[in-house]
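Please read it alongside the sequence and the structure.

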Amino acid sequence: MASRPTRADYVRWERVTTRWADIDVYGHMNNARYFELIDTVVNNHLAEGTGVDIRDLPAIGVVAEVSCRYFAEVGYPAPVDLGIVVDKVGTSSVVYRVGLFQGDADEAAAEGRFVHVYVDNTDPARPVTPMPDEVRAAVEPLLRG
């Protein structure tokens, strides 16, 4: 297994607040909330980086894979810093990693893997298609090589 990620492993950052409702009966953030945060921070970057409503593009990214490795608990009420890095940009797909950090910790509390595959937004069958140029321009700066 890969080592626990640190803040230096990520390129772009966003801070979110935790809510009382995010916490499960065990006192830590519910697993589903991790995936909501990962999805949101990636799409926030795409919306900001493209400057357009990404839902209206001729090709849209659909989630083909999502996973999360947990290292430490995340709780309420401290905010969470989410770091994003891109591992791979293909013709029609992007592989992201998103690190979740709470407090001043340098090591991630969790890391998600998130894969978007681009499909034709004008065809109801949604065949795989190359990603739009504005999306490519927004994700390539996140590559860390």
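## Salt bridges across the chain

Arginine 12 counts as buried because its relative accessibility is 14%, a value that comes, like the others in this report, from a predicted model. Its partner in a salt bridge is glutamate 48, and the closest N and O atoms of the two residues are 3.5 Å apart. Since glutamate 48 lies in helix α1 and arginine 12 in strand β1, the pair ties together parts that are 36 residues apart in sequence.

Aspartate 81, which counts as buried at 10% relative accessibility, takes part in a salt bridge with arginine 15, with 2.7 Å from N to O. Aspartate 81 belongs to strand β3 and arginine 15 to strand β1, so this pair ties together parts that are 66 residues apart in sequence. Arginine 15 is exposed, its relative accessible area being 57%. Aspartate 81 also meets the side chain of arginine 7 in a salt bridge, at 3.2 Å from N to O. That pair links distant parts of the chain, because arginine 7 sits in the segment before β1 and aspartate 81 in strand β3, 74 residues apart. Arginine 7 is partly exposed, with a relative accessible area of 21%.

| Salt bridge | N to O distance |
|---|---|
| Arginine 7 and aspartate 81 | 3.2 Å |
| Arginine 12 and glutamate 48 | 3.5 Å |
| Arginine 15 and aspartate 81 | 2.7 Å |

A search of the whole structure finds 14 salt bridges, and Arg19, Asp22, Arg33 and Glu36 are linked in a network of such bridges.

## Helix α1

Helix α1 comprises residues 31–50. At 1.5 Å a residue its 20 residues should span 28 Å, and the end C-alpha atoms are 29 Å apart, which agrees with that expectation. At the N-terminal end, asparagine 30 caps the helix, with a side-chain oxygen 2.9 Å from the backbone nitrogen of alanine 32. Beyond the other end, α1 is followed by glycine 51, whose phi is positive, near 75°.

The buried residues of α1 are Arg33, Tyr34, Leu37, Ile38, Val41, Val42, His45, Leu46 and Thr50. An α-helix has 3.6 residues a turn, so residues three or four places apart point the same way. The elements that cover the buried residues of α1 include strands β1 (12–16), β2 (59–70), β3 (80–89), β4 (93–102) and β5 (110–120), together with helix α2 (133–139).

Phenylalanine 35, also in α1, counts as partly exposed because its relative accessibility is 29%. Leaving aside neighbours within four places in sequence, phenylalanine 35 is in contact with Val66, Ser67, Cys68 and Tyr70. The C-alpha atoms of phenylalanine 35 and cysteine 68 are separated by 7.8 Å, although the two residues are 33 residues apart along the chain.

## The nonpolar core

The largest nonpolar core has 30 residues, and those with the most contacts inside it are Leu46, Leu82, Tyr96, Val98, Leu100 and Val139. At least two residues of this core are supplied by each of α1, β2, β3, β4, β5 and α2, and the largest share, six residues, comes from α1. Once neighbours within four places in sequence are left aside, leucine 100 is in contact with residues that include Tyr34, Leu37 and Ile38, as well as Val80, Asp81 and Leu82. Further contacts of leucine 100 include Met29, Ala108, Ala109 and Ala110.

## Aromatic pairs

The count of aromatic pairs comes to six. One of them joins tyrosine 10 and tryptophan 13 in an edge-to-face arrangement, 6.0 Å centre to centre with 80° between the planes. Tyrosine 10 counts as buried at 3% relative accessibility, whereas tryptophan 13 is partly exposed, with a relative accessible area of 33%. The rings of tyrosine 96 and phenylalanine 114 have their centres 6.2 Å apart and their planes at 55°, so that pair is tilted. It links distant parts of the chain, with tyrosine 96 in strand β4 and phenylalanine 114 in strand β5, 18 residues apart. Tyrosine 96 is buried at 1% relative accessibility, and phenylalanine 114 is buried with a relative accessible area of 2%. Finally, Tyr10, Trp13 and Phe101 form one aromatic cluster.

Definitions and conventions:
Residues numbered from 1 in each chain as written. Predicted model: local features only at pLDDT ≥ 70, side-chain atom pairs only at ≥ 80, totals over all residues. Heavy atoms only, no water. Helix = DSSP H or I, 4+ residues; strand = E, 2+ residues; numbered from the N terminus. Buried < 20%, exposed > 50% of the residue type's maximum accessible area, 1.4 Å probe, protein only. Contact = heavy atoms within 4.5 Å. Expected span 1.5 Å × (residues − 1). Polar contact = N/O pair within 3.5 Å; in protein donor to acceptor, adjacent residues only side chain to side chain. Phe/Tyr/Trp six-rings, centres within 6.5 Å; stacked < 30°, edge-to-face > 60°. Core = buried A, V, L, I, M, F, W, Y, C linked by side-chain atoms within 4.5 Å. Salt bridge = Lys/Arg side-chain N within 4 Å of Asp/Glu carboxyl O.
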